Amino acid sequence: MAEPRSHHDRIIYLDHAASSFPKAPGVAEAVASALVTSGGNPGRGAHALALEAARLVHAARRDLAELLGVPDARDLSFQAGCTAGLNLALLGLIRPGDRVVVSSMEHNSVVRPLHALSDAGVEVVVVDADDAGAVDPDAVEAIVRQAPTRAVVVQHASNVSGTIQPIGDLADIAHSAGARLIVDGAQAGGHLDVDLSTLGADAWACSGHKGLLGPQGTGVLYLAPDLDLPPLVRGGTGSVSELPAMPIERPDRYEAGTPNVPGIAGLGAAARFLKANGEELRAEEQRLIRLLHEGLLGLGFRVLGPEPGIPRVPLISAVHPALDADRIAFELDRGYGIAVRAGLHCAPWAHRTLGTLETGAVRFGVGYGVDQEQIAETLRALETIVAGVPS
């Protein structure tokens with residue numbers, strides 16, 4: 001094994017599926033500027049600092065709405081992350097006695113709220129995905145039509161297999177049965193060309209710190225104009241303060257408390273970068289993930305998810321028959337300065353579906369800042385690690 005590398009050495013960062021690094025150009029500057037020049041509370045005063053903070057939040061919401069195809073920016077609320085947005089959507093829509101249909105590929109940000117709802121009397125029906133992690137719309141339709149259903153819940157793309165789900169078909173199925181479609185978009189935002197005006201999702205949540213290239217602790221939730229949910233958090237909004245109830249106007253209804261202005265400003269800067277460069281970045285991500293996919297297969301890894309040539313978001317989880325996933329991640333980090341993630345990725349349902357619940361997998365996430373030489377260097381490191389396994 002190579003000598004341990006110093007943490008001050010160059011890092012090849014392939015953990016973009018967990019959180020992007022580096023951030024988009026302008027993000028750090030926007031965060032710092034907001035802390036220095038916009039220290040007021042947006043909507044909580046008429047002085048210059050409060051007005052500047054409100055301007056930053058408004059601009060970020062507008063830029064994200066344009067990036068994600070949201071016709072009315074007021075339908076996009078800022079959240080602390082995708083998890084917060086999904087909790088708002090799930091706990092706001094679903095009540096005891098309701099029935100929910102969910103895929104077997106979901107992240108714990110969906111599984112755990114649904115578990116709590118199940119304990120409260122909600123019927124949760126799981127549709128098994130196939131061995132590549134894909135959800136069959138016909139299977140979903142058959143189960144939805146068995147009984148009145150309140151919601152269909154699905155990932156836009158899997159954080160384990162990279163599989164992109166047929167959201168448009170699932171939206172049609174849900175709506176034809178009088179159900180709503182709730183989508184976990186954590187791995188889709190930034191990595192896919194998302195247009196919420198045509199996608200069909202009634203609720204779509206996304207973290208700001210993954211493919212959107214913004215700061216951690218940020219996220220967005222889109223709610224369709226005709227979907228009125230009770231807020232999950234209630235408190236001050238800076239508007240209609242004389243009322244004891246939360247305002248009905250969006251986005252205030254879903255943004256109680258002081259907003260994360262620096263984080264939102266950074267997310268807005270990331271959205272502007274992606275509006276200008278997203279198409280080129282997505283094409284490069286797909287090129288690099290194909291190179292990585294082919295290289296891993298050549299080294300004897302089992303790659304989870306779609307076969308080569310089938311679209312996926314730019315992440316790959318893989319299993320080697322002779323090497324533990326945690327060992328691979330440790331060797332890559334300590335010996336080569338390559339950051340990946342091993343384990344169950346907060347998605348035990350997905351690993352059960354894919355047959356890796358007992359072993360976990362090592363995940364490689366590609367994103368902004370990764371280049372072809374880094375992929376080649378990673379594959380060379382893996383070749384050395386694999387070659388060191390006793391035959």
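I counted helices (H or I, at least four residues) and strands (E, at least two) as DSSP runs, numbered from the N terminus, and took two strands as paired if DSSP finds at least two bridges between them. The model is predicted: local features need pLDDT of at least 70, side-chain atom pairs count only at pLDDT 80 or more, and totals for chains, interfaces and linings use all residues. Residues are numbered from 1 along each chain as its sequence is written, and side-chain values use heavy atoms, with hydrogens and water left out.

Sheet. I traced an open, mixed sheet of seven strands, ordered β2-β8-β7-β6-β5-β3-β4. β2 (76-79) and β4 (123-127) are the edges; each has a single partner strand, so one side of each lacks a neighbour in the sheet. The twist averages 20° from one strand to the next (axes are lines fitted to C-alpha atoms, for helices over the stretch in contact; angles run from 0 to 180 degrees between N-to-C directions).

Helix on the sheet. I found helix α2 (residues 48-68) packed on the sheet, touching β2, β7 and β8, its direction at about 115° to that of β2. Contact means heavy atoms within 4.5 Å.

Cores. I took a nonpolar core as a set of buried Ala, Val, Leu, Ile, Met, Phe, Trp, Tyr and Cys residues joined through side-chain atoms within 4.5 Å, buried being under 20% relative accessible area with a 1.4 Å probe, protein chains only. The largest has 94 residues, of which V140, L181, I182 and W204 touch the most other members. Helix α8 (residues 261-298) gives the most to this core, 10 residues. A second, separate core has 29 residues, including I12 and F364.

Notes
Buried means under 20% relative accessible area, exposed over 50%, partly exposed in between (1.4 Å probe, protein chains only).
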